[in-house]
Structure formats: structure tokens, C-alpha cells
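Reader: Could we go through the strand pairing in this model together? I would like to begin with one of the sheets and then move on to particular residues.

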Amino acid sequence: MKKIFLIFTLLLCILCIKAQSLSGTVTDSANHQTIPGTVVYFPQLKLGSTTDLKGFYKISPVPNGTYLVEVEILGYATITKSVNIKGNVVLNFTMSASTSSAKEVVITALGNTTSALRSPVPVSLVTHDFLVQQSSTNVVDGIATQPGISAITTGPGVSKPEVNGLGFNRVLTLFDGIRQQDFQWGDEHGIQIDPYAVYDAEIIRGAASLQYGSDAVGGVVSFKSPPLPQEGAIQGSVLAEYQTNNGLMGTSEDVGGNKNGLIWDLRLSGEQAHCYSDPKDGYVWGTATREYNVRLTLGLEKQWGYSRLTASILHRTIEIPDGNRDSLTGQFKFDYPINGQVYPNRASFLSYNPTYVGYQQVEHDELAWQNSISMGNGRILADIVYETDHREEIDTGSVPLLNMSQYDIPYALKYQVENSSGLKLTTGVNGYYENMQNAAEAPYPYVSVFLVPSYDLFDIGGFAILEKDYKNLTLSGGLRYDVRTETAQSLYLLNSGTSSQIVVPDGTPNDYPNFKGFQKTYSGFSGSLGASYQLPKDYYIKANVAKSYRAPAITEAGENGVHPGTANFEIGDPNLKPEAGYEGDIAFGNNGKEVNYEIDVFTNYIQNFIYADRLASKLGGDSITQGYPTFKFQSNTAIISGVAAYLNIHPTALKWLELDNGFTYIYSYIFNQTDSTQHVPFTPAPRLTSELKLKLTSRHGSILKGTYVKFGLQKDWAQNNIYSANWTELPSLPYILYNAGIGTDFVNPKTAKTICSFYINVTNLTNIAYADHTSRTQYFLSYNGVTPAIVTQQSQGIYNMGRSIGFKLIFPIGGGHRYNETSDSK
């Protein structure tokens with residue numbers, strides 16, 4: 001009873017704290033005029049304000065503590081500054097003109113909040129403008145052209161991020177700080193995030209086990225939703241999108257408000273697409289998608305901190321192409337005749353109903369409670385999330401052959417504090433509980449596929465991270481220890497692989513041990529130590545060393561079955577040891593007024609590196625299990641090294657011109673292997689991206705603002721460093737993609753506020769036939785739907801999408817962005 005009384009008294013004291021605020025004016029450093037429409041924002045709190053016609057802003061209430069504030073408006077260099085909130089604080093900002101789209105922003109995904117310039121770990125920043133000014137088929141493809149980043153795809157509906165040559169279970173995906181579990185152990189299980197709900201993204205390009213534990217050996221992709229409305233405002237947007245190649249039609253409506261600290265936001269999104277086309281085959285059978293999402297956030301924003309509750313329901317139906325073709329003509333054909341029809345016709349290809357054959361149905365529901373409570377000079381952050389996922393993979397008809405349900409409870413409890421000398425501390429625990437259950441055997445004559453055993457998993461890790469900011473020097477380091485317990489259930493079958501297959505108890509005569517139960521406990525240390533230093537003349541240097549840890553995923557430890565979408569039989573090994581990575585990163589760059597560039601060099605030495613190796617038969621050729629090529633998970637020592645770089649040119653004398661370039665080169669090596677097995681599978685090909693943007697200046701009072709025309713290219717070199725044994729991978733061919741786009745804002749000339757934004761993008765402008773090296777569908781080929789064939793030529797698989805023209809129209813709710821007429825910026 002005494003404890004309850006103390007807790008109640010503490011909460012009462014917190015609620016009685018006097019309201020605090022941050023306010024001031026924003027002016028131009030050259031002419032000293034105020035700048036209306038400037039966004040002043042606390043990324044840690046997702047709270048902000050926009051300056052009025054007099055350049056004045058006010059954010060209230062703001063919890064006690066020290067935070068990084070971000071000041072941003074197009075046409076000016078972004079400002080980041082540490083602010084100590086204690087009472088009502090007045091802080092004025094003076095901004096300098098800049099035409100660069102490269103921004104100095106606040107990073108929240110590294111544990112301690114810092115700026116991108118001071119972060120010792122390389123970070124890619126994907127801005128809101130970049131995302132809305134392009135066309136993509138899913139949220140991962142939208143970030144996949146960043147330096148050091150790529151996507152492993154299984155058709156247009158399934159993409160998984162790859163960071164510095166590592167993907168799958170080595171890259172952790174977050175949305176608003178919440179880890180996205182949703183069957184991420186599966187190769188063909190995409191990220192279940194509504195692309196229209198994503199505002200921007202941070203990508204940690206390097207080991208991040210210190211902050212997040214297992215599954216972050218390669219890095220972290222942190223997607224973030226839009227900022228919350230400022231006090232007294234109701235705001236949002238209505239978006240409509242269309243893409244010509246696959247007929248993608250998408251809409252998203254979002255509206256939210258903030259009244260006396262009571263915040264709310266509601267988003268409704270929907271998207272559907274028919275089969276896409278490529279120059280070689282025309283329409284590609286089995287590539288239609290459909291999804292919808294409902295997302296609601298309710299919360300309190302008070303002087304003591306915040307408490308937010310978010311509920312989300314996302315349903316996605318995705319066709320997975322299997323490459324089934326006629327052996328004589330090469331024409332796509334159904335696995336089984338449908339109402340007497342053997343080949344898909346034009347109506348089949350253009351159908352928006354992705355439930356013919358070979359499709360997934362995924363339901364991802366989430367309830368997240370996130371809290372921040374001020375405590376002295378610091379704050380306590382407590383997150384608890386409940387996620388449910390249901391996945392069905394259906395070959396034909398409506399009965400799922402693969403039918404799984406997963407339940408996750410991610411959690412995090414942290415304490416953050418920063419003193420007046422610039423010393424920051426973040427310490428706490430995080431992890432998750434997970435339960436996965438296979439459904440019962442499908443009714444006769446269907447045959448269920450049990451890919452992994454039903455299992456329970458509990459993961460917990462404790463950590464402490466220190467960061468110290470000096471005038472030009474930032475030092476950062478920390479330690480972490482993780483423990484994971486995994487318990488898998490056994491499963492025995494009678495008449496395995498036949499229409500008479502049934503689940504039976506262990507010991508039944510002639511039973512087949514599909515899974516043998518096991519219990520394993522994995523543990524490991526993680527750590528990091530790094531520094532960044534600001535050199536004269538806007539130069540800087542960064543260096544970081546990190547020890548990472550990753551426990552084997554359930555597929556690697558316990559898998560024993562066929563992927564319905566990939567036609568592979570995969571075998572796990574519960575005796576695999578956790579991966580231990582040792583990574584070094586060094587970066588050098590310049591953040592000048594006319595040129596920004598950075599060159600990052602990294603090496604990641606990973607012991608017990610786990611990968612699937614295609615098994616060979618004793619008689620030659622593939623090892624075949626139940627009629628499918630057999631892969632088995634094994635481990636070895638691997639090194640992944642590379643370079644990621646960007647160069648942004650934005651001459652002050654030519655404010656209408658900007659040239660943005662990115663480069664990625666990654667090399668992988670597996671020790672003590674032959675020439676055909678010495679490279680890590682799915683190592684991306686070397687890539688260069690370049691985009692020229694011409695910004696058109698508009699007159700005072702014009703209805704068109706922020707107009708631009710852009711031209712870009714993506715050059716991918718051949719990738720010959722492959723895992724070629726048993727046709728696991730093939731060399732990829734070089735190609736160049738050309739892209740173009742145009743965009744503008746329609747503005748009310750009297751108020752200078754945006755009425756709507758309109759964008760047109762053309763991808764694969766010259767309509768070339770190409771296959772990205774990390775596209776898994778280039779290996780999907782079977783004849784007559786019975787016998788899987790070995791792909792011996794790249795042209796036998798499935799090509800990526802051909803030319804597509806994307807149209808996007810966005811109407812803001814609540815007045816829209818206000819342009820600053822003196823600088824033609826918003």
C-alpha cells in the first residue's frame with residue numbers, strides 16, 4: 001500500500017509541474033527579415049511549431065530536460081541546437097541561405113540523440129521531400145537507392161532492406177522506434193508498414209547491436225511517421241497516386257489535431273496494382289498486390305512528458321511469381337488450369353484481384369503504448385507493444401498450405417539524461433517476447449506445409465551508452481549484454497507430403513519427424529566506441545569500432561520444409577552458434593556552403609556467419625528433397641567490406657542548380673572456401689546514382705512555387721563475385737536506368753499557402769530489360785509447374801519492371817505550407 005501511495009504522490013507532483021515553452025523568432029542572416037513558414041521541431045518529442053507571418057514560433061508545453069531542436073525551411077541551411085528547457089525559454093534563430101537538399105538533422109535512432117554531423121556511426125537520412133517526390137511500389141524500394149543501401153526483392157510486393165551488404169535477419173526495421181517483427185525471419189516476408197504513413201527515415205549504416213541487440217548486425221532502418229500537429233491546430237493531407245506500368249492506384253487520407261495537449265491522428269490508406277510488365281515478357285504473371293491500413297493515434301502532450309497510444313490494422317494480399325512457363329514457348333502459364341484456362345490472358349494480367357494462384361495474405365495488427373516522463377534533468381521512456389500477425393500462403397483456391405500466427409510483445413525501458421557540460425547517458429533494457437503457432441493440417445486433399453516449428457522466444461538485453469560533446473569533438477561508446485531463450489515444439493507427420501498427410505503423436509509407427517523439438521539459450525556481448533571531429537573549413541572526420549551479436553533465427557535453427565513461393569527445401573541446425581561481428585568504420589567529409597560530400601569505408605568481420613548452402617547430390621546435380629532443391633544452413637567466417645559515398649553540389653551563384661550523386665561498392669569473402677563458394681550470397685552489385693535537379697524561380701505572387709525538373713541515372717556494374725556453387729547465384733549483367741521527374745506546388749497568391757502539390761516521375765525511361773542482382777525472381781523458373789529447373793542463364797528468369805510513369809497529387813489539410821516570398825522557399 002505504501003508503494004502505491006508513493007507512486008500516486010510522484011505522479012501528482014509531475015502533473016503539477018508548471019507549463020514550460022520554447023518561443024522566439026526566426027530571421028534571415030543576410031537581410032535580417034523574419035522568415036514565415038519555418039518549422040521549429042523537437043524530433044525526440046515529435047512536437048513542433050511553424051513560424052507565423054512575423055517569424056514568431058511557440059512550442060508549448062515542453063517537458064523539462066535537454067533536447068536537440070531542429071529548425072528547417074526549404075532554401076536555408078538546417079539548424080540543430082541543444083536546448084535546455086526549464087521554464088519559459090526564449091530562443092531566436094538566424095538562418096543562412098542554402099540550395100542544398102542535404103540537411104543537417106537530428107538523429108534519434110542511435111540511443112543518445114545527436115546530429116548527423118556529430119554521429120560517429122555513418123547514417124543515411126531519407127527526407128520527406130525525397131520520399132514524396134519519387135515513385136516506388138513499397139516502402140523499402142523508396143529508400144533502396146541511398147548509398148550503402150539496397151533491397152532484396154521477391155516481386156514488387158516484397159522487399160527487404162539490405163545495409164552494407166547485409167540483409168534479412170541482420171537488419172532491424174523500426175517504425176516510430178518499434179521493432180517490426182511480422183515474420184521477418186522469412187526470406188519472402190516483406191516489411192508490413194504502410195508506405196503512406198512514413199514521413200522520413202534514418203538508416204544506421206553499421207553494427208547497431210549496442211542499441212537494439214540481436215538482428216542489428218548490419219544496421220537499422222528507422223521509419224518515422226509525420227510530426228504531430230502543433231497546439232491548437234488541425235492538419236493532415238489527402239494523397240492520390242497512379243503508376244502506369246502496373247496500374248498502381250493508391251490513396252491515403254490523414255487528419256490530426258492538438259487541443260490543450262490532447263493529440264489525435266487518423267490515417268486511412270489503400271493501394272492496389274495489377275501485374276507489372278517488362279520489355280522481354282510483357283506482363284509478368286503473379287505480380288499483383290493489394291493492401292489497406294487503418295492507423296489511429298491518441299495521446300497526451302503535457303509539461304511532464306507524453307503518453308501515446310497507437311492502434312494499427314494492416315492487411316496485404318501479394319501474389320508471388322513462381323516463373324512457371326510453357327517449356328516450348330516460354331509463355332507464362334498457370335500451375336493448374338483455372339476453369340479450363342491454361343494460360344493467363346489480358347484480363348488475368350490486368351486484374352486487381354491478386355488471388356488467382358500463388359499468393360500471400362498477411363494481417364499485421366499492432367497496439368503500441370509509448371511514454372516519456374521527465375525526471376529531474378532526464379527522462380524515463382517506457383514502451384510496450386502488442387503485435388499480432390497472421391500469414392497464409394495459398395497455391396490455388398482459398399485453402400492455405402502455409403498457415404501461421406505470430407504474437408509479439410516488444411518492450412523497452414530507458415533512462416536518458418544530459419548535463420550542462422554536454423555529457424549524455426542512455427541506459428536501460430529492451431527486447432521482446434514472441435510466440436509462433438502453425439495452424440492445424442489443411443483438410444483433404446490439401447497438404448499443409450510446415451516451414452518452421454511452433455516456438456516461444458524471449459529476448460532481453462541491458463545496455464548503457466555515454467556520449468560527450470566538446471566544441472569540435474564528440475566521443476561515444478557503450479556496452480550491452482543479451483540473452484535469448486528459444487523453445488521449439490516437435491511435429492510428427494504420417495504420410496508426409498501426400499494428400500493423406502496428418503499430424504500424429506511421437507512414436508506413431510512410420511511417422512516422419514518434420515521437426516524435433518529443442519530448447520536453446522543464446523547470449524553475447526555488444527559494444528561500440530567512436531568519435532567525430534569537426535575540422536576547419538567545414539571538414540570533418542568520423543571513426544567507430546563495434547562488436548555486434550546475433551542469435552540464429554528460427555529458420556536457421558529449426559527450419560525443415562518447402563517455401564511455397566520459392567520452391568526450395570530448407571534445413572536448419574539448432575546447434576548453430578550466435579554470430580559475432582567486429583566492424584570498423586571511418587568517414588571523411590565536408591559540409592560546405594556549395595559542396596557536401598562524405599566517403600565512408602567499412603569492414604565487418606563476422607564469426608559464425610550463417611547462410612544457406614545449396615546441397616549437391618552424391619550422384620551429381622542438386623540434392624532433391626520431396627522434389628525440391630535442398631538448402632541447409634551452415635556457418636563460417638566472413639568479411640564484408642566496402643565504400644559508400646555521396647557528393648552534393650549546389651553552387652550559391654546558381655541557386656537553381658543541384659547535382660546529387662551516390663556510390664556504393666561492397667565486397668564479401670567467406671574464409672576457407674573454393675572459388676564458387678567464397679562470396680556471401682546477395683552481395684549487391686557496385687552502383688552509381690546521379691540526379692540533376694533544376695529549380696525554377698517563380699515571381700512574387702505566382703501560383704506555382706517550388707517547381708523543379710530532374711533527370712537521373714542509376715548505373716549498376718556486373719556482379720561476378722557470387723556464390724555460384726550448385727547454381728545458388730548467377731553473375732549479373734550491367735545496366736543503366738534513366739529516370740526523370742517534375743514537380744510543383746500550387747499556391748494561393750494571397751496567403752502564400754500551398755493548395756496542393758503535384759509530381760510526375762518516369763522510372764526506367766528507356767524501358768530496358770534488366771534484372772537487379774538482389775532480385776530473387778530472376779531465379780524463378782519452372783516448366784509445366786512440376787519439375788523445378790536450374791536457371792543457367794539470366795534471361796530465363798523474371799526481369800524487373802519496365803518503364804513506368806507515376807503521378808502523385810497531395811492536398812494539405814489545415815492551411816498547407818506557407819511560402820516565404822522573399823526567398824521562394826517554404
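Reader: In what order do the strands of the open sheet of 4 strands come?
Author: This is a predicted model. In it, the order of that open sheet is β3-β2-β5-β6, and the pairing is antiparallel.

Reader: Which strands stand at the edges?
Author: They are β3 (47-50) and β6 (79-85). Each has a single partner strand, so one side of each has no neighbour in the sheet. From one strand to the next, the twist averages 25°.

Reader: How many bridges join β5 to β6?
Author: Strand β5, residues 65-72, is joined to β6 by 7 bridges, and the two run antiparallel. Within β6, T80 stands opposite E70.

Reader: Now the open sheet of 5 strands. What is its order?
Author: The order is β11-β16-β17-β14-β15, with mixed pairing. The edge strands, β11 (123-126) and β15 (178-179), each pair on one side only.

Reader: Which pairings are parallel or antiparallel there?
Author: β14 and β17 pair in the parallel sense over 5 bridges. β16 and β17 also have 5 bridges, in the antiparallel sense. Strand β14 (residues 171-175) pairs with β15 in the antiparallel sense as well, over 2 bridges.

Reader: On to E202. Where is it, and is it buried or exposed?
Author: E202 lies in strand β16, residues 200-204. E202 counts as buried because its relative accessibility is 2%, and the cut-off for buried is under 20%.

Reader: What does its side chain contact?
Author: The side chains of E202 and K224 are joined by a polar contact of 2.8 Å. The bridge partner of E202 in β17, however, is S222.

Reader: A change of topic: how many disulfides are there?
Author: The count comes to 0 disulfides, taking sulfur atoms within 2.5 Å as the criterion.

Reader: And are C275 and C756 buried or exposed?
Author: C275 counts as buried, at 1% relative accessibility. C756 counts as buried too, at 9% relative accessibility.

Methods. Residues are numbered from 1 along each chain as its sequence is written. This is a predicted model: local features need pLDDT of at least 70, side-chain atom pairs count only at pLDDT 80 or more; totals for chains, interfaces and linings use all residues. Side-chain values use heavy atoms; hydrogens and water are left out. Two strands pair if DSSP finds at least two bridges between them. Buried means under 20% relative accessible area, exposed over 50%, partly exposed in between (1.4 Å probe, protein chains only). A polar contact is a pair of N or O atoms within 3.5 Å; within protein, one must be able to donate a hydrogen and the other to accept it, and residues adjacent in sequence count only if both atoms are side-chain atoms. Axes are lines fitted to C-alpha atoms, for helices over the stretch in contact, and angles run from 0 to 180 degrees between N-to-C directions.
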